[in-house]
Amino acid sequence: MSELDQKVMALAEKYTPLAAEILAEIIRIPADYVDRSPDQGGDPQCGLSNHEGPRLEYLKRRIVEIGAVRAPDDVWFDEFGNLVWKLWDPNDGVPADQKRVIYFDGHSDTVKALRSQWTEKLGGGIDAYDGCVDGDRVDRAFLNRELGWLPSDQEWGNLLFGRGSADQLGGVVAQVVASKILMELESEGSLHGVVICSYATVAEEDNDGGGPMFIVRKALVGAPSELVPDVVILTEGTGDADKGALGIYRGQRGRMQIEVAVTGRSCHGSMPWEGLNPLEYGAGILVEAAQAYQRGDGFKDHAFLGAGTRTASWATLQSPSDCAVPDRFVFRFDRRLTVG
């Protein structure tokens, strides 16, 4: 291990409390908004896709405060709404067009927290935004059944709970703290010959890949070589109970979102033979699709990327009332691809 590697490790350990502080706060921030009405400055969807503003404004301020960029102008919002910050060593003597360009990307939105379920199912000890508020009240048996594994009691104080701690706010905070470490070790050559563009992308949960696609289609079109990445690192959470808590993975399965619309003919629920029920026909499609997936029909496997998958992920129903045959049923499949 080089001397620079050792110094990186030492600073990573030193700044672990800082990382935990920032992560806890960006998880907590929606609590200031979700329970207040919009006319009182609230936002019931704070933290979700297209509602990341308060979280990103806090991150932008903290990136400057902790010295994770050279100057305040080195962190900004792009036209898509992504938070961007850039690092480089202007005195390394390497021409701009010969520097290696590294992109870091993590999304800054989360899915809906279902806050009441956290409270009810975990015994009131863990809140979706405030984290572990009373460790003694946590139903650890339930948590263990849900997760399949819990660390020892001695490690409990090192855990950080809340919506986004695993997906994917922890990755974004890792980018921020890594930037601080790189800046502090600049004189040691940490940024020699490289440009680092770090992104906290928005609206990923509702629009997978929309932020990076904006970068590829807009920001990089006609861009000079010092902006075109040689390497892209996605800071998505990794690791498992068997392989360990952290891993660096290579490869990404593609994803499709397939929307199926079943149009029927509505009628009164007392005379269903007069209509065509799209919910019942659609349910038949879903059952058939699930059975085909369970048999592996049409799903290839790959030694490196794994097998293709398909699951029903979302649905909506249009009906004049709950005592009528509906007129339209729409659902979506989440389809993950593999080689072939």
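User: How many helices and strands does the chain have?
Analyst: This is a predicted model. Both kinds of element occur in the chain. The count is eight helices and 12 strands.

User: What box do the C-alpha atoms fill, and what share of the residues counts as buried?
Analyst: Along the principal axes, the C-alpha atoms fill a box of roughly 80 × 55 × 50 Å. Buried here means under 20% relative accessible area. Of the 340 residues, the share that counts as buried is 36%.

User: What part of the contacts with a separation of 6 or more comes from residues 24 or more positions apart?
Analyst: Take the contacts in the chain with a separation of 6 or more. Residues 24 or more positions apart account for a share of 67%.

User: How do the axes of H2 and H3 run relative to each other?
Analyst: Two packed helices are described by the angle between their axes and the distance between the axes. H2 covers residues 16–28 and H3 covers residues 53–65; their axes come within 10 Å and cross at roughly 155°. Angles over 145 degrees count as roughly antiparallel. Therefore H2 and H3 are roughly antiparallel.

User: Which hand does the crossing of H2 and H3 have, and which residues make the contact?
Analyst: The crossing of H2 and H3 is right-handed. On the H2 side, the contact uses Leu18, Glu21, Ile22, Glu25 and Ile26. On the H3 side, the residues are Arg55, Tyr58, Leu59 and Arg62.

User: Which residues of H2 and H6 meet, and how do they divide by type?
Analyst: H2 passes H6 in a right-handed crossing. From H2 come Leu18, Ala19, Ile22, Leu23, Ile26 and Ile27; from H6 come Leu169, Gly170, Val173, Val177 and Lys180. By type, the contact of H2 with H6 divides into nine nonpolar, one polar and one charged.

User: Which peptide bond is cis, with omega near -10°?
Analyst: Most peptide bonds are trans. Gln168 lies in the loop between helix H5 (140–147) and helix H6 (169–184). Asp167 is in the loop between H5 and H6. The cis bond runs from Asp167 to Gln168.

User: What does Asp167 contact beyond its neighbours within four places in sequence?
Analyst: Asp167 has 34% relative accessibility, so Asp167 counts as partly exposed. Its C-alpha atom is 9.0 Å from that of Ser108, 59 residues apart along the chain. With neighbours within four places left aside, Asp167 is in contact with His107, Thr110, Glu205 and Glu236.

User: Leu114 has a positive phi: where is Leu114 found, and what is the phi value?
Analyst: Most residues other than glycine have a negative phi. Leu114 is found in the loop between strand E3 (100–107) and H4. With 44% relative accessibility, Leu114 counts as partly exposed. Its phi is near 50°.

User: Is Ala203 buried or exposed?
Analyst: Ala203 sits in the loop between strand E6 (194–201) and helix H7 (210–219). Its phi is positive, near 60°. The cut-off for buried is under 20% relative accessible area. Ala203 has 7%, so Ala203 is buried.

User: How far is the C-alpha atom of Ser116 from that of Trp88?
Analyst: Ser116 is in helix H4 (residues 115–121). At 45% relative accessibility, Ser116 counts as partly exposed. Ser116 and Trp88 are 28 residues apart along the chain, and their C-alpha atoms are separated by 45 Å.

User: How many disulfides are counted?
Analyst: A disulfide needs a pair of cysteine sulfur atoms within 2.5 Å. Cys132 has 35% relative accessibility, so Cys132 counts as partly exposed. Cys197 has 3%, so Cys197 counts as buried. The count of disulfides is zero.

Conventions:
Residues numbered from 1 in each chain as written. Predicted model: local features only at pLDDT ≥ 70, side-chain atom pairs only at ≥ 80, totals over all residues. Heavy atoms only, no water. Axes fitted to C-alpha atoms, helices over the stretch in contact; angles between N-to-C directions. Helix = DSSP H or I, 4+ residues; strand = E, 2+ residues; numbered from the N terminus. Parallel < 35°, antiparallel > 145°, perpendicular 65-115°, else oblique. Left-handed = near helix turned anticlockwise from the far one by under 90°. Contact = heavy atoms within 4.5 Å. Buried < 20%, exposed > 50% of the residue type's maximum accessible area, 1.4 Å probe, protein only. Nonpolar A, V, L, I, M, F, W, Y, C, P; charged D, E, K, R; others polar.
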